[in-house]
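Let us walk through this model together, one stop at a time. Please keep the sequence and the structure side by side as you read.

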Amino acid sequence: MVNGWKSVSLLDCGELLQGLTYRPDNVKPYGLLVLRSSNIQDEKLVFDDCVFVDCNVDEKQYVKKGDIIICVRNGSSALIGKCALVDSDYKATFGAFMSVIRSENSDYIFQVFRSTIVQKQVRNNSNATINQITKNDFENIVIPYPSDASERHAIAGALTDVDGYITSLKKLIAKKKAIKQGAMQELLTGKRRLPGFDGEWISGEWQDILDGFTGGATPYRGKPEYFFGTIKWVSSGELNYNKIYDTIEHISEQAKADTFLTVHPIGTFLMAITGLEAAGTRGSCAILATEATTNQSCMAIYGTEKMDTSYLFHYYVLNGDNLALQYCQGTKQQSYTAKIVKSLPIFYPSDTREQMAISTILYDMDSEIEALTAKLDKAKLIKQGMMQELLTGRIRLSLTEVPAVVTAQPEVQVATISSAQKGHNQQFDDAVMIAGIVNAFFTDKYPLGRKKIQKLLYLLRRKQDKSTVAFKKKAAGPYADEVRYKGGEPIANSNRYITTMTTKGKGTTFTLGKNIGNALDYIERWGRQRDIQWLTDKFQYTSVDDLELLATVDMAICDLEEAGIPVSVASTKHLIATNKEWQAKLQKKTFADSKIAKAISDLQTLL
């Protein structure tokens with residue numbers, strides 16, 4: 001256990017309260033709300049499914065703000081340990097299958113309880129035959145516990161910040177999905193027409209405007225060699241209202257021939273035709289974004305000059321579930337036949353250009369939702385990593401500094417670039433700016449090294465809002481091998497804007513070259529004197545170590561913002577700690593919590 005931390009029993013940190021047992025005749029249409037496992041969704045309280053009772057309950061059993069409410073008994077083992085932090089005082093109690101932990105440190109305890117540290121203990125300690133957590137199980141749960149309250153508060157605060165961002169992303173995704181659903185209901189029914197289109201809409205059957213209607217097959221599993229090949233083979237489980245770019249399994253040419261399979265072209269519409277009694281399968285469909293074959297549970301349908309399959313895809317996303325319920329056949333297993341699918345109804349614009357215009361709008365909405373979902377998934381992964389680091393003490397937060405959080409980035413001021421600058425590449429630009437840096441920072445007394453040049457060039461590119469993709473996460477911070485070996489530095493050297501000298505044990509130092517005036521002329525013609533002056537004003541007396549801190553923290557901030565993670569000391573340290581090249585930095589005094597916090601604050605005004 002790290003210094004200042006200890007392992008303690010969970011119940012040493014708070015009081016465990018047992019839930020209310022009530023009879024069926026206590027249940028009323030109104031009265032005292034009883035919170036149950038169904039009232040916990042995604043680690044928050046929801047009130048869609050409420051039970052009220054007419055019972056006398058001790059006031060202590062009312063849930064209070066800061067309580068941690070936990071599902072301790074359920075028919076489903078997956079729900080055991082599900083918890084939520086109560087966000088307000090409610091006139092509510094909790095049922096017998098629930099428990100509450102009440103603690104003065106509930107913000108920290110909640111984060112620990114939902115982590116793998118506790119959840120693994122819950123799985124390992126809970127009764128093997130009955131899905132439950134007993135009081136004895138709670139007594140056996142051990143948690144890591146920082147002795148200093150300010151450190152506990154800082155950890156909980158950092159993780160809560162990320163929780164807030166994740167919650168806002170989820171709400172935004174739900175909002176975007178609702179907007180798309182509304183757009184589908186209007187655009188795919190003709191209630192709303194796109195500008196420039198006034199053609200007829202037609203009610204017809206699929207067979208009037210579509211082609212194909214072919215099923216697939218599964219190659220014989222007894223021949224393993226059939227499933228070692230390059231031909232993509234789609235199973236119905238891969239139809240998830242999506243575009244299919246690749247498949248889980250691939251088959252051989254021999255398997256295709258022996259099973260009489262057809263390779264369908266890009267743009268083929270695929271729909272599930274068996275197992276439609278299950279809500280997860282009913283109405284599922286996809287569009288091929290690659291050539292592929294299918295199994296027997298999929299039907300392949302081709303577009304024609306009358307119908308674009310992208311319109312069919314969105315039409316079926318909207319209506320597929322209802323169509324399956326209305327037209328499928330079978331008793332135990334609901335399924336489609338080709339004959340049934342051909343006779344399915346469809347309402348569509350006669351002009352295929354309108355069909356494609358509608359599809360484009362809906363695909364754009366899908367792309368936005370997919371991008372937000374990817375950002376959400378990345379945020380969740382970062383949150384998991386932060387929990388593993390912060391809740392074990394592998395990353396420590398300052399006991400005196402409040403984590404700095406970036407709420408908004410100031411507008412970046414981009415230097416004006418004259419027409420004289422156009423026509424050369426980034427490498428030559430770097431050569432000129434390196435010369436400008438050497439001219440501004442070189443003195444006989446203090447040698448100017450490559451590390452300082454690299455950090456100043458990185459910060460200059462960021463100030464200019466230029467790409468920093470050449471800079472990689474190296475032990476010395478952001479570092480561009482490209483600039484050193486085949487970019488700005490060798491060009492500046494060969495043009496004699498600068499000279500370099502390498503001394504054993506001291507590395508490479510930079511001095512003025514005999515043609516430095518040529519580089520300064522370029523800077524003047526390009527109107528870039530202000531950029532060099534900005535570097536001089538801000539960093540003339542900044543040490544190399546402090547420049548490394550600023551550049552490293554800035555690159556970390558860029559990664560966090562790209563992932564949509566709130567920028568704080570904790571999230572910055574986590575990102576540094578999880579990079580092999582950078583993790584040793586956290587042992588340096590330069591990267592103390594207070595200095596990282598100051599760097600975050602300084603960068604908001606610098607850049």
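Leu 276 sits in the loop that connects β18 (269-272) to β19 (285-288); strands here are DSSP runs (E, at least two residues), helices are runs of H or I of at least four residues, and both are numbered from the N terminus. With a relative accessibility of 2%, Leu 276 counts as buried, where buried means under 20% relative accessible area, exposed over 50% and partly exposed in between (1.4 Å probe, protein chains only). Not counting residues up to four places away in sequence, Leu 276 touches Thr 281, Arg 282, Ala 324, Cys 328, Gln 334, Ser 335 and Tyr 336, a contact being heavy atoms within 4.5 Å. Between Leu 276 and Lys 378 there are 33 Å in space, C-alpha to C-alpha, and 102 residues in sequence.

A word on the ground rules: this is a predicted model, in which local features need pLDDT of at least 70 and side-chain atom pairs count only at pLDDT 80 or more, while totals for chains, interfaces and linings use all residues. Residues are numbered from 1 along each chain as its sequence is written, and side-chain values use heavy atoms, with hydrogens and water left out.

Which residues touch the most other members of the largest nonpolar core? They are Tyr 108, Phe 138, Ile 143, Leu 390 and Phe 539, in a core of 103 residues; such a core is a set of buried Ala, Val, Leu, Ile, Met, Phe, Trp, Tyr and Cys residues joined through side-chain atoms within 4.5 Å. Another core lies apart from the largest one and has 47 residues, including Met 271, Cys 285, Leu 312 and Tyr 315. Leaving aside its neighbours within four places in sequence, Leu 390 is in contact with Trp 5, Ile 155, Ala 158, Leu 159, Ile 395, Leu 397 and Ala 570.

Next come two helix pairs. Helix α1 (residues 106-113) and helix α4 (residues 149-187) have axes that come within 8 Å and cross at roughly 60 degrees; axes are lines fitted to C-alpha atoms, for helices over the stretch in contact, with angles running from 0 to 180 degrees between N-to-C directions. The two are therefore oblique to each other, since angles under 35 degrees count as roughly parallel, over 145 as roughly antiparallel, 65 to 115 as roughly perpendicular and the rest as oblique. From α1, the contact is made by Asp 107, Tyr 108 and Gln 111; from α4, by Arg 152, His 153, Ile 155, Ala 156, Leu 159, Thr 160 and Asp 163.

For helix α11 (residues 450-463) and helix α15 (residues 529-539), the packing angle is about 120 degrees and the axes are 11 Å apart. This pair is therefore oblique too. Here Leu 456, Leu 459, Leu 460 and Lys 463 of α11 meet Asp 531, Trp 534, Leu 535 and Phe 539 of α15.

In the loop between α15 and α16 (544-563) you will find Thr 542. At 17% relative accessibility, Thr 542 counts as buried, and it touches Lys 452 and Leu 547, not counting residues up to four places away in sequence.

Asp 377, in helix α9 (residues 352-390), counts as partly exposed at 41% relative accessibility. Asp 377 and Ala 563 are 186 residues apart in sequence, with 9.2 Å between their C-alpha atoms.
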